[in-house]
Amino acid sequence: MTVFHFFNCAMLTFGPHAVYYSATPLSEYDTIGTSAKAAAVYLGTALVKLVCLATFLKESENDNFDPYQELLKVLINFIDVAGLYFALTQLTHRNISQNHKFQAVGLGWAFADSVLHRLAPLWVGARGLEFTWEYIFQGFEANANLVLNLSLAALGSLMWLRKNKPRTLIPIIYACAGVLATMPSITSYLRRALGWQPAKVVSFELFSSLMMAFISWQLFSACQRSA
């Protein structure tokens, strides 16, 4: 039963990444190399963030929300934006369209994040004798994170790869990218400052990810129509 619970949680956490790759043209264009390169860039970015967090953040003795510490985390989280910029603009890719490039990069980025932050907790905790909803919630969080990373990659492609975009949309694109980059701190505020329960936080993450995906899709479509 414990192995079955672990298998279910692992499929919920990592299965959508494989489904997205297989169900979209990414598999037809063989973009696995692009996704793997993006995952490697994510791991390097995560290492830089870890060094920054260890250097500039003090260890808290309680789990209270500290605005100063969270502000530093927000600034450090923008290292992800720099890493995504590198993955989209500096890596060599196969001759694929901009649509497929940002999807492949976002997918690799999200998969590396799930493996780094969720694989070990699943392996250690989901095989426990006592059933808990915690790891199912982690799976839903991974799904929301996949959508958010794809949305951020789409906005990044608009910011850095598309030159002929409507000027009226540029502030909206940058504002949405800023919201996506600060999403971890927003959920931390809801969880630690407002005391939201895990189910409520996960529901917010899923809803916000769908909303940001819709907005990103509308912006991307508008920029394509203006080309």
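Contact here means heavy atoms within 4.5 Å. This is a predicted model, in which local features need pLDDT of at least 70, side-chain atom pairs count only at pLDDT 80 or more, and totals for chains, interfaces and linings use all residues. Residues are numbered from 1 along each chain as its sequence is written, and side-chain values use heavy atoms, with hydrogens and water left out.

Start at serine 151. Serine 151 lies in helix H5, residues 134-160. Helices are DSSP runs of H or I with at least four residues, numbered from the N terminus. With a relative accessible area of 4%, serine 151 is buried. Buried means under 20% relative accessible area, computed with a 1.4 Å probe on protein chains only. Setting aside neighbours within four places in sequence, serine 151 touches Leu180, Met212, Ala213 and Ser216.

Now turn to helix H4. Helix H1 (residues 2-23) and H4 have axes that come within 10 Å and cross at roughly 170 degrees. H1 is therefore roughly antiparallel to H4. Axes are lines fitted to C-alpha atoms, for helices over the stretch in contact, and angles run from 0 to 180 degrees between N-to-C directions. Angles over 145 degrees count as roughly antiparallel, under 35 as roughly parallel, 65 to 115 as roughly perpendicular, and the rest as oblique. On the H1 side, the residues that meet H4 include Phe6, Phe14, Tyr20 and Tyr21. Among their partners in H4 are Leu107, Phe111, Arg118 and Trp123. By class, this contact of H1 with H4 has 13 nonpolar, four polar and one charged residues. Ala, Val, Leu, Ile, Met, Phe, Trp, Tyr, Cys and Pro count as nonpolar, Asp, Glu, Lys and Arg as charged, and the others, Gly among them, as polar.

Helix H3 (residues 67-89) also meets H4 (residues 98-125): their axes come within 10 Å and cross at roughly 135 degrees. That angle makes H3 oblique to H4. H3 contributes Asp80, Gly83, Leu84, Ala87 and Leu88 to the contact, and H4 contributes Lys101, Phe102, Val105 and Trp109. The contact of H3 with H4 has six nonpolar, one polar and two charged residues.

Last, the cysteines. The structure holds zero disulfides; the criterion is a pair of cysteine sulfur atoms within 2.5 Å. Cysteine 176 is buried, at 10% relative accessibility. Cysteine 52 is buried too, at 17%.

Methods: Helices (H or I, at least four residues) and strands (E, at least two) are DSSP runs, numbered from the N terminus. Buried means under 20% relative accessible area, exposed over 50%, partly exposed in between (1.4 Å probe, protein chains only).
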